[in-house]
Amino acid sequence: TSSFGSDENISVSPPTYNSTGITPSTANDTSNVTCYSYWQSAQGVLLQSASIIFNSSNYSATSTQTLSGNSSWANLTVNSSVLEAGAASCNITVSDEVGGSNSTLISFTVTDLTAPIVTSLNTSPNATADLDPSVQVTVTANITEFSNASNVTAILQYNSTSNATITNVTMTRTSNGTYWAVFAANFTPSDEANYTYRVNATDTANNTNVTSFNNLSVLYDWTW
């Protein structure tokens, strides 16, 4: 109920909404997503403002939008750079000029389309003088996965000029946080040759990132 003047009370319904949703209709972490709803006021009352709150596991934002007239769209676009796979929502609250308000909650799931990121690769030993046949080489990979690092598996792949067949070695998770993990695996060069290695990182949505090949020269060092 809204009051007009000192002696008259008129019952005014709050704004109503329809056509709520998101675009694209299936959200993913590589495309911007827009939450929207269409609002109408009652009895000639003018719409005034919209407050839109976006929430997800890693990011939140609030936007205020000025409305006018008896009907209007309210919307918020969230950039893909801050979208991560998982649950998300937009809460849209619209107010009118006499203090009436109404809200709608739009809940959706952001699909994971982004492959894990291999942020660094290291070998031990890595000095030429220490890289000899029959000396075990440990490859360590630092991997980021924004859906959750527990969703990642990694495979070390290597070959050499003396054996071009690629050998796969499942890497072991040695440490991790929510969005990062460290993996390690070993191989032992059997003879003098140039060895190449890379890492294949895959998440549970089957998004895969394969690094470029890195080189290791394995040679005996003759110092006499």
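Mentor: Strand 15 (residues 180–187) is mostly covered, with six of its eight residues buried. This is a predicted model in which local features need pLDDT of at least 70, side-chain atom pairs count only at pLDDT 80 or more, and totals for chains, interfaces and linings use all residues. Residues are numbered from 1 along each chain as its sequence is written, and side-chain values use heavy atoms, leaving out hydrogens and water.

Trainee: What makes strand 15 mostly covered?

Mentor: Buried means under 20% relative accessible area, exposed over 50%, and partly exposed in between (1.4 Å probe, protein chains only). Six of the eight residues in strand 15 are buried. Strands are DSSP runs of E, at least two residues, numbered from the N terminus.

Trainee: Why are strand 11 and strand 15 said to pair?

Mentor: Two strands pair if DSSP finds at least two bridges between them. Strand 11 (residues 137–144) and strand 15 have eight bridges, so they pair, in the antiparallel sense. V137 stands opposite F187 in strand 15.

Trainee: How do you know that strand 14 pairs with strand 15?

Mentor: Four bridges join strand 14 (residues 172–176) to strand 15, antiparallel. R173 has F183 as its bridge partner.

Trainee: What makes a set of residues a nonpolar core?

Mentor: Its members are buried Ala, Val, Leu, Ile, Met, Phe, Trp, Tyr and Cys residues joined through side-chain atoms within 4.5 Å. The largest has 23 residues; F183 and F187 are among those touching the most other members. Strand 16 (193–202) is one of the strands that each supply at least two residues, and its share, five residues, is the largest.
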